[in-house]
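I opened this structure to look up a few places in it. My notes follow.

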Amino acid sequence: MHGIIYVVLIFLAFITFYPFWNSLVISFNNGSDTALGGVTFWPRSFTLENYNIVFKEDNIFRAYMITILRTILGTALSMFFTSLFAYGLSKKGIVFKKFYMIICIVTMYFTGGLIPYFILIYQMHLYNTFTFLLIHGMVNVFNMIIFRTFFAELPDGLEESARIDGSSNFGVFFKIVLPISGPVMATLGLFTAVGLWNDWFTPAIFISDQNLIPLQTLLVQIINAGATASLMSNLNSYAQSLVQNTVTVKALQMATMMIATLPILMIYPFLQKFFVKGALVGSLKE
């Protein structure tokens, strides 16, 4: 019985990991050779030219920097305002506390719709701006609920001792609450960062300036057949010479996809220890 379970798990692990591995292999393989087929488990004609084009192209490098800035700043803003909001709702005796929670929960299931939201963003002069990429989804209700549950379970003595020492509400929050919220902060921060890193749809709707689109949106454009032709025609002379000899559209797609995927995957091992603990402490109530 155990043998069957192991075989099934190995099979599931293989079919899950192989597409990623095959894409990685193709990204390191000569594009012309890849077009012949048969590249499966390792590069048949190893080359770094696919990545040379990606890193030397201004459009791709700029989109990469936009993605990094959006992920770092957006995650920091989201963690700050979401935790601050949750801390306020975790306090006992807040007037209309249940009413505020009902309003927040309603937003998890119902939205105003894409068109009204687009009109609102446009009228607020946030359309086609980097500011919009930062503030979109800055307060996450699901994360707020986990934060609020965690804060509500903290011993009252922690805050009372801080107030005796003369700390204000903000002082208690920054000096006492946040320092002991590491696990839940790390867990929700990672989930937020992954969401921002992988988000391509929002910029595709609200950003039309090619200088402001993140890498994931650019990757979708590269995968799109029409945009690919435009991108390949706009490559610099160095890249065009490589395209004529060693690089193909598919090889460029795979290299861009690897660059867009690997950084966020490398963060997981460092924060893995916080996953279970951080999710549980903010979701269970004794």
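I started at proline 179, in the loop that joins α10 (169–177) to α11 (182–198). The model I am reading is predicted. Is proline 179 buried or exposed? I found a relative accessibility of 55%. Exposed means over 50%, so proline 179 counts as exposed. I then checked its contacts, leaving out residues up to four places away in sequence. Proline 179 touches Phe173 and Phe174.

Next I looked up threonine 256. This residue sits in helix α16, which covers residues 249–281. Which residues is threonine 256 in contact with, once neighbours within four places in sequence are set aside? I noted Val54, Ile60, Leu215, Leu219 and Ile222.

Then I turned to cavities. How many cavities of 30 Å³ or more does the structure hold? I found one. The largest cavity has a volume of about 40 Å³. I wrote down its lining: Val54, Phe55, Ile60, Phe61, Tyr64, Leu215 and Ile259. Val54, Ile60 and Leu215 are in this lining, and threonine 256 is in contact with these three residues.

I also asked which helices supply the lining. Both α3 (49–56) and α4 (58–89) supply at least two residues each. The most comes from α4, with three residues. Last, I sorted the lining by residue type. I got seven nonpolar residues, no polar ones and no charged ones.

Terms used
Residues are numbered from 1 along each chain as its sequence is written. This is a predicted model: local features need pLDDT of at least 70, side-chain atom pairs count only at pLDDT 80 or more; totals for chains, interfaces and linings use all residues. Side-chain values use heavy atoms; hydrogens and water are left out. On a 1 Å grid over the protein atoms alone, a cavity is a set of points where a 1.4 Å probe fits but cannot get out, and a pocket is an open set with protein on both sides within 12 Å along at least five of seven lines; lining residues have an atom within 4 Å of a point. Grid points are joined across faces, edges and corners, and a volume is the space filled by probe spheres set on the points. Helices (H or I, at least four residues) and strands (E, at least two) are DSSP runs, numbered from the N terminus. Ala, Val, Leu, Ile, Met, Phe, Trp, Tyr, Cys and Pro count as nonpolar, Asp, Glu, Lys and Arg as charged, and the others, Gly among them, as polar. Buried means under 20% relative accessible area, exposed over 50%, partly exposed in between (1.4 Å probe, protein chains only). Contact means heavy atoms within 4.5 Å.
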